[in-house]
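Please read the following note beside the sequence and the three-dimensional view. It is written for a reader who is new to structural description.

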Amino acid sequence: LQCNGFGESGDQKRVCSRQPEDPSSLTLDRDLHHDRPASHQQHVNSTYSCREVFIIVNKSSGGGRAGEYLTALGSDSCAHHLKLGKSGRLQARLRAVDIREGRPGQKRGFELLKAVSEQAEHPVLVMVAGGDGTVMWAISEVISTNINIDKVVIGHIAFGTGNDFSRSTGWGSTAEAGSLIGHRWSRLRRDMRRWLTSHIIDFDIWEVEVTTQGGFEFVHEGQKCLTEADKVQHGLKELEGGRWQMRKPMVNYFSFGQCCRAGLGFEKRRTSSRLFNNLCYGYEGLKKLALRPAPKVSDIVRDFTINSHPSIDSLASTCATAADGSDDSLVREMEMENNAFVLGVRNLSSFAETLGSSSSSSSNNAEASYPNVGSQRSSASVTSLGLERSAELLFLNIPSFAGGANPWAWSPEDGQHACAQDVGDGRLEVLSYSTGLSAAIDAANGKLWTPGRGSGQRLASAEGPFRIAFKSPEEAKYTSADGRVYLQVDGEFFVAHQPEEIQIRHWKRIKVASRRKQDRALCSCLG
């Protein structure tokens, strides 16, 4: 495979065999200027900086607009060598990958990315062209392909409906209008200069684990079902006694409750039109919340536990490693039982006030400090508190939700949780809403101002892990015969039947490309 670069004038001078590269035989310093003398080739390779760039494309995103990259660059991972700027001192080797091609964990484009990253001098820039779901999908593929996450940097070209990852990392609410390639590739070359001069920041990835008695359902072509592909993509496995477990990464946020039912209704009617999708989301919200509400969180959850002791996390990690693949449920139980506190969800507001008064001294440094509550566990009885106020629980990793909403910043500050969000601080911010409508109003304010926003109640800003234990089917007040509970991870909605437990824990820390103003003076640069 040989591809000539662009001339100083921007003319495309390219010869490509159009044969996919074999990751096992990849050589990064191969002759990119095959029509020049060997001595000149050595000078070019030693003088100029050539960066590796992959564009991971979901061609159905943006009404099919993201597919322009595959049309121009090909979907076979063929390398294109571009000079960026008149001096030509910054060069890039660019490839496009169709994320839909191949089986999960065995996609040829990601295997090539692994080979390139292992040999590249600099981190490989991976720009994801799609929505938030595509970003999560791409990160999952990077991890499942065993790519060293320290060798890649993730960026976002926003083509989705919400694009919260892009908003929170400074890339804007949506990709600019017009051709993505431009006349004589001028637009693409301009964008690549922006990508390669962005800044590298830390970004936390969390793991959501849901255990149920009755399984899961996802939306496909307007219908709820469970496919074999779902089992692989979402980390599903069947346990003894017909129980199911899901483990999947969470990049932006996670929630469950009444508002999520409206989101699932929207998923069943999602189209390629961003405007229609926003209108559909509003319609589904009014219909589901007013006529067919999902069960309240306080009607189905027994308790909510947060462990904030850092030494326990370290101990659990050590024990899990020593177990060498054995069942780590005991380790996770240790995490929850040592130095933890329990929130009875029927008293989320009252308990938060008690917690704030007992730990007010920590508010100045924005660190969550919770008391050792061996005695609190016995006194915080769910049945004795009797405040059925939680209809939705929201866990935030980023300061953008549902297409630009900022519910943590809008919610009233208190002495305990008067802290700003940060995507790389190893913490999640947790909010509770007393009604599904109040959660929907916050979500809608990301698109259009409406009165009543900011009614979420701050419960915690903590490192976790977080554990939610559900009531038995006999105790829970479900609104459906099969015990449906509605959830979403990074804007992807699904159903869990008769859930038993949810655990959320910090999983990994990756590098992402940022254009945020606050990062310009603090972070290293790609270019």
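The points below take up the sheet, the aromatic rings, the cysteines, the backbone and one histidine.

1. Basis of the note. The model is predicted, so local features need pLDDT of at least 70 and side-chain atom pairs count only at pLDDT 80 or more, whereas totals for chains, interfaces and linings use all residues. Residues are numbered from 1 along each chain as its sequence is written, and side-chain values use heavy atoms, with hydrogens and water left out.

2. The sheet. Helices (H or I, at least four residues) and strands (E, at least two) are DSSP runs, numbered from the N terminus. Two strands pair if DSSP finds at least two bridges between them. Eight strands make up an open sheet with antiparallel pairing, in the order E8-E7-E19-E18-E11-E14-E15-E16. Strand E8 (223–225) and strand E16 (457–462) are the edge strands, each pairing on one side only. On average, neighbouring strands of this sheet are turned by 25 degrees against each other, direction ignored; the axes are lines fitted to C-alpha atoms, for helices over the stretch in contact, and angles run from 0 to 180 degrees between N-to-C directions.

3. Strand E7 (residues 216–220) pairs with strand E19 (residues 492–497) in the antiparallel sense, over three bridges. Glu 217 has Val 495 in E19 as its bridge partner.

4. A tilted ring pair. Rings of Phe, Tyr and Trp (its six-membered ring) pair if their centres lie within 6.5 Å; planes under 30 degrees apart count as stacked, over 60 as edge-to-face and the rest as tilted. By this rule there are ten aromatic pairs. In one of them, Phe 216 and Phe 494 are tilted, with 6.3 Å centre to centre and 50 degrees between the planes. Because Phe 216 lies in strand E7 and Phe 494 in strand E19, this pair ties together parts that are 278 residues apart in sequence. Buried means under 20% relative accessible area, exposed over 50%, and partly exposed in between (1.4 Å probe, protein chains only). Phe 216 is buried at 3%, and Phe 494 is buried at 1%.

5. An edge-to-face ring pair. How are Phe 395 and Phe 466 arranged as an aromatic pair? The two rings are edge-to-face, 5.6 Å centre to centre, with 80 degrees between the planes. This pair links distant parts of the chain, since Phe 395 is in strand E14 (residues 392–396) and Phe 466 is in strand E17 (residues 466–470), 71 residues apart. Phe 395 is buried, with a relative accessible area of 0%, and Phe 466 is buried with a value of 0%.

6. A cluster and a charge. Ring pairs join Phe 395 and Phe 466 with Trp 206, Phe 254, Phe 256, Phe 304 and Phe 470 into a cluster. Elsewhere, the charged end of Arg 458 sits over the ring of Trp 408, 4.3 Å from its centre. A charge sits over a ring if NZ of Lys or CZ of Arg is within 6 Å of the ring centre and within 35 degrees of the ring normal.

7. The cysteines. A disulfide is a pair of cysteine sulfur atoms within 2.5 Å, and by this rule the count is zero. Cys 259 is buried, with a relative accessible area of 7%, and Cys 260 is buried, with 1%.

8. The backbone. Most residues other than glycine have a negative phi, and most peptide bonds are trans. Gly 464 and Pro 465 are joined by a cis peptide bond, with omega about 0 degrees, and Pro 465 is in the loop between E16 and E17. Arg 184 has a positive phi, near 55 degrees. Arg 184 is located in the loop between helix H5 (164–168) and helix H6 (186–196), and is partly exposed at 40% relative accessible area. Ala 402 has a positive phi near 55 degrees and lies in the loop between E14 and helix H16 (407–410); Ala 402 is buried, at 15%.

9. A buried histidine. His 81 belongs to strand E2 (residues 80–84) and counts as buried at 3% relative accessibility. The side chain of His 81 makes a polar contact with the side chain of Gln 91 at 2.6 Å. A polar contact is a pair of N or O atoms within 3.5 Å; within protein, one must be able to donate a hydrogen and the other to accept it, and residues adjacent in sequence count only if both atoms are side-chain atoms.
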